[in-house]
Amino acid sequence: MGDNQQFVIVGGGLGGALLACYLGKAGYPTHVYEMRDDLRRTEIGGGRSINLALSYRGLCALEPVGLVDEVLRNAVPMRGRMIHSRSGELTFQSYGVSDSQSINSVSRNGLNAILLDAAAKFRNVTLSFNEKCTDVNFDSGELKLTNTRTHDQTSVRAEVAFSADGAFSAVRAAMQKRDRFDYSQQYLAHGYKELHIPSGHGGSFKIEKNALHIWPRKSFMTIALPNADGSFTVTLFWPFDGPNSFAAIKSESDMLRFFNEQFPDALPLMPTLIDDYFHNPTGSMVTVRCRPWHFGGRVCLLGDAAHAVVPFYGQGMNASFEDVLVLGECLERHRPNLEAAFAEYETLRKPNADAIADLAIANFIEMRDKTGSRLFLMKKKAEKLLAKALPGWYLPLYGMVTFSRIPYAEAVARSIRQNRIVLTAAAVFFVAVVLTVVRFLR
């Protein structure tokens with residue numbers, strides 16, 4: 001397969017737009033089809049943002065296309081979690097071993113606009129909006145498109161198609177009809193609702209600026225991430241059904257009573273709470289796993305189309321960006337053999353996608369149930385002490401995932417090995433102390 005083939009990217013979201021930058025820089029003729037309006041020209045309604053936490057992996061993927069500085073100019077660093085108890089007591093838990101380590105709160109739409117602008121600068125990249133992919137013919141390479149404004153239907157031939165069209169990917173759905181395609185999806189019993197804390201006077205922040213705020217309440221929680229304009233994007237994660245759930249709220253008074261009981265320090269900060277709650281949609285959260293991610297040298301999945309994860313480790317976007325980085329490296333290494341490039345990309349990324357999916361689900365339980373407990377705080381302090389006492393050997397799992405490019409699966413395996421060694425050493429030390437005391441008493 002030669003370099004002059006027409007590459008098609010289905011989906012102009014974060015992963016698709018970044019991939020367009022990579023392909024544009026590499027010289028491939030590339031056409032991006034996005035089902036939504038061009039968000040750079042049309043204001044996109046709120047309600048489903050869940051602000052993004054950009055960390056080291058994502059920054060590494062932005063570096064080859066020169067976008068790190070531009071993206072960070074509008075980001076707000078978050079050095080740790082600020083835990084809010086029911087009584088209003090605050091507890092800060094830093095993310096890294098040192099104060100210099102932080103993650104960055106970024107606007108999804110703002111970041112997407114930067115990526116689209118960057119892709120549009122390449123002469124070999126074309127962007128088309130309001131074009132929804134509805135089906136793919138793998139034998140002919142034909143993509144069927146429906147214009148979301150006019151409802152006109154067209155077909156385009158994609159010699160090579162990249163699927164970046166999200167958790168409910170049309171390209172992946174077509175692949176699922178083929179023989180020996182494995183697919184699973186798992187929904188959380190919880191959904192999410194976007195709320196809002198406006199900025200204070202003169203664009204000031206009403207609560208700590210450089211923190212991800214969490215109100216953990218065992219079976220549910222609320223979080224808030226800062227925006228550059230002084231506001232916070234707030235997200236309520238709540239069961240769909242049950243006594244403390246979306247289904248239990250029937251009226252404005254129900255909503256106010258619930259917030260006054262569970263989040264009394266947040267309620268005065270949210271003057272538009274009622275409007276936000278009853279007008280913003282309730283979103284669901286799904287984990288998607290599938291295999292294979294490619295079909296010969298013709299089709300390749302990335303991002304949520306390949307491995308949608310729930311948002312609780314802050315790695316969904318970072319994992320998608322790392323997909324693009326690894327895919328770009330594989331394309332360069334095997335050029336022009338696309339089949340070999342796609343096969344290596346899947347081999348490298350699939351185990352790590354599965355690992356971060358598991359970590360994200362586990363971290364949801366940690367965030368809502370454990371972050372407010374003293375035992376959890378003691379564990380985190382012990383991890384930092386070990387990391388400082390044994391630099392280079394003991395690395396906290398969160399740090400490996402967030403502040404390095406150690407593959408996710410390798411980070412999990414290393415964390416398990418470290419903890420076994422530490423527990424064994426602690427047990428040996430305890431036994432030695434007991435034996436010493438016994439000998440002394442005798």
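Analyst: Val437 lies in helix H13, which spans residues 408-441. This is a predicted model, in which local features need pLDDT of at least 70, side-chain atom pairs count only at pLDDT 80 or more, and totals for chains, interfaces and linings use all residues. Residues are numbered from 1 along each chain as its sequence is written, and side-chain values use heavy atoms, with hydrogens and water left out.

User: Why does Val437 count as partly exposed?

Analyst: Buried means under 20% relative accessible area, exposed means over 50%, and partly exposed lies in between (1.4 Å probe, protein chains only). Val437 has 41% relative accessibility, and therefore counts as partly exposed.

User: Why is Ser320 called buried?

Analyst: The relative accessibility of Ser320 is 9%, so the residue counts as buried. Ser320 belongs to helix H9, residues 316-334.

User: Which residues are in contact with Ser320, leaving aside its neighbours within four places in sequence?

Analyst: They are Gly303, Asp304 and His307, where contact means heavy atoms within 4.5 Å. Ser320 also lies 5.8 Å from Gly15, C-alpha to C-alpha, although the two are 305 residues apart in sequence.

User: How do you know that E9 and E10 pair?

Analyst: Two strands pair if DSSP finds at least two bridges between them. Strand E9 (residues 131-137) and strand E10 (residues 142-147) are joined by six bridges and run antiparallel. Within this pair, Lys132 stands opposite Thr146 in E10. The hairpin has four residues between the strands, and Gly141 takes a positive phi near 75 degrees.

User: How many bridges join E10 to E11?

Analyst: Five bridges join E10 to strand E11 (residues 153-157), and these strands run antiparallel. Glu142 stands opposite Arg157 in E11. Five residues lie between E10 and E11 in their hairpin, where His151 in the turn has a positive phi of about 65 degrees.

Terms used: Helices (H or I, at least four residues) and strands (E, at least two) are DSSP runs, numbered from the N terminus.
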